[in-house]
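Work through the exercises below with the sequence and the model side by side. Try each task before reading its solution.

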Amino acid sequence: MDKLMQFIETKVMPPMMKLSNQRHLSAVRDGLIATIPITVIGSIFLLIPYIPWPQSYVSFMGNHPDLVAKLIIPFNMSMGLLSIYAAFGIGARLAQSYQLDSLAGGVSAIFTFFTTLTFTSLDEGTFISTQYLGGEGMFASILTAILAVECMRLCKKYNIGFKLPEQVPTNVSSSFEVIIPVFFSMTIVWIIVHLIGFDINALIASLITPLLSVSSNSLAAPLVYVGLTCIMWLFGIHPQILATVMLPIWLVNSEANMAAAQAGQAIPNLGVQPFIFTFLWIGGGGGTLALCAMMCFSKSKFLKQLGRLSFIPGVFNINEPLLFGLPIVLNPALAIPFVVAPIVTTFVTYFAFVSNLVPGMAYPLAAVWTVPSIFSAVIATASIRGAVLVVVNFLIYLGIYYPFFKAYERKLVLEEGQTEASV
């Protein structure tokens, strides 16, 4: 065990730490996180007209299609335009990391992304298709945002741009300074898409996005994610890098799930954020709410006090007090259940969904990770069976953590007894 932990600490974690702080990945993470308020609000408005009970409510909504159409407008304005918001957020954050004008970075990113699209002329007027403004355009949005800001950085580095006198207001001069880099990024995309005819959005939509969606829906994806997350936490490393990689895929899959729910079709994707953050991370990474509950009744004074202080945050899936206070980090006594229990519940959760024991997650973005799991499970699935699955997983966590907790408890009780005797 010691050799394994030493290998991970010296060979595996340094590159993971470096990767987690990588500028572009951090910008993508922060830019997508910035879209959470609008995606949550849009998801809630989509959920309202399609709540499956009671029957009188379902019948009322079915008899008022005009009301339903108005209720889903916030959903269309959020998820339907998600790539635009993401482009701005990523561009702004990446520009900020380079100490460039963040507002200019966001606007440049949107303009560059829009250049990948085309207008369609009809008798009624000229329109832009919304096909790639939502989840399907997410990866093109990420790439173009990075391109736009990198052009800004290079032009700044080599002093390429318009320089206005110092008497000119800063907001005006900064706008003129980015004209040339914006021209470069836009022109690059314009040449690739419209002159060469290489449709970035179509390629991603037809090849990359389905491939990622399929892989994220497999059992292997959550197993790898859960295993790596637990190992990183054991060494005190925040596993945000893993969420950064998966977040675009979760968003694309979530949009497809909500569109299917709106159309009355089967829910296609398991690879969405609540699969892990609602059904597996009950109490936070590692499913530690069960451990926290046992601590509240511990014979150890330290464990009892820490458990009671940590229980309320744990209900809302915040478990840093346990990770660093118990601690779980670098604690071989609790490492095994911290890794094994989430893997077991991953199998259980996957089986529950693929066997239709629990309905698909039709409203994944409405299930915010800080909402207690038993409630967010009902929100995500629009079914009480989601809450039942959370209870089942919680009991599994209790069973797996229990023997290791009791062994750790005996050790602390003995140490506390020796301390009191010496005093």
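A salt bridge is a side-chain nitrogen of Lys or Arg within 4 Å of a carboxyl oxygen of Asp or Glu. The model used here is predicted.

**Exercise 1**

Task: State how many salt bridges the structure holds.

Solution: Under that definition, the structure holds 3 salt bridges. The next exercises take them in turn.

**Exercise 2**

Task: Find where Glu 150 and Arg 153 lie, and decide whether Glu 150 is buried or exposed.

Solution: Step one is the contact. The side chains of Glu 150 and Arg 153 form a salt bridge, with 2.8 Å from N to O. Step two is the location. Both residues belong to helix α9, which covers residues 138-157, and they are 3 residues apart, about one turn of the helix. Step three is the accessibility. Buried means under 20% relative accessible area. Glu 150 has a relative accessible area of 15%, so Glu 150 is buried. Arg 153 has 26%, so Arg 153 counts as partly exposed.

**Exercise 3**

Solution: Begin with Glu 409. Its side chain meets that of Lys 406 in a salt bridge of 2.7 Å, N to O.

Go on to Glu 415. Its partner is Lys 411, and the closest N and O atoms of this salt bridge are 2.9 Å apart. Glu 415 is at 35% relative accessibility, so Glu 415 is partly exposed. Lys 411 has a relative accessible area of 43%, so Lys 411 is partly exposed.

**Exercise 4**

Task: Which helix supplies the largest share of the lining of the largest cavity, and how many of the lining residues are nonpolar, polar and charged?

Solution: First, count the cavities: there is 1 cavity of 30 Å³ or more. The largest cavity has a volume of about 100 Å³. Of the 14 residues that line the largest cavity, the closest to its centre are Ser 216, Pro 222, Gly 271, Phe 275 and Ile 276.

Next, look at the helices. At least two lining residues come from each of α13 (220-234), α14 (240-263) and α15 (273-277). The largest share, 3 residues, is that of α13.

Last, sort the lining by class: 10 residues are nonpolar, 4 are polar and none is charged.

Definitions and conventions
Residues are numbered from 1 along each chain as its sequence is written. This is a predicted model: local features need pLDDT of at least 70, side-chain atom pairs count only at pLDDT 80 or more; totals for chains, interfaces and linings use all residues. Side-chain values use heavy atoms; hydrogens and water are left out. Helices (H or I, at least four residues) and strands (E, at least two) are DSSP runs, numbered from the N terminus. Buried means under 20% relative accessible area, exposed over 50%, partly exposed in between (1.4 Å probe, protein chains only). On a 1 Å grid over the protein atoms alone, a cavity is a set of points where a 1.4 Å probe fits but cannot get out, and a pocket is an open set with protein on both sides within 12 Å along at least five of seven lines; lining residues have an atom within 4 Å of a point. Grid points are joined across faces, edges and corners, and a volume is the space filled by probe spheres set on the points. Ala, Val, Leu, Ile, Met, Phe, Trp, Tyr, Cys and Pro count as nonpolar, Asp, Glu, Lys and Arg as charged, and the others, Gly among them, as polar.
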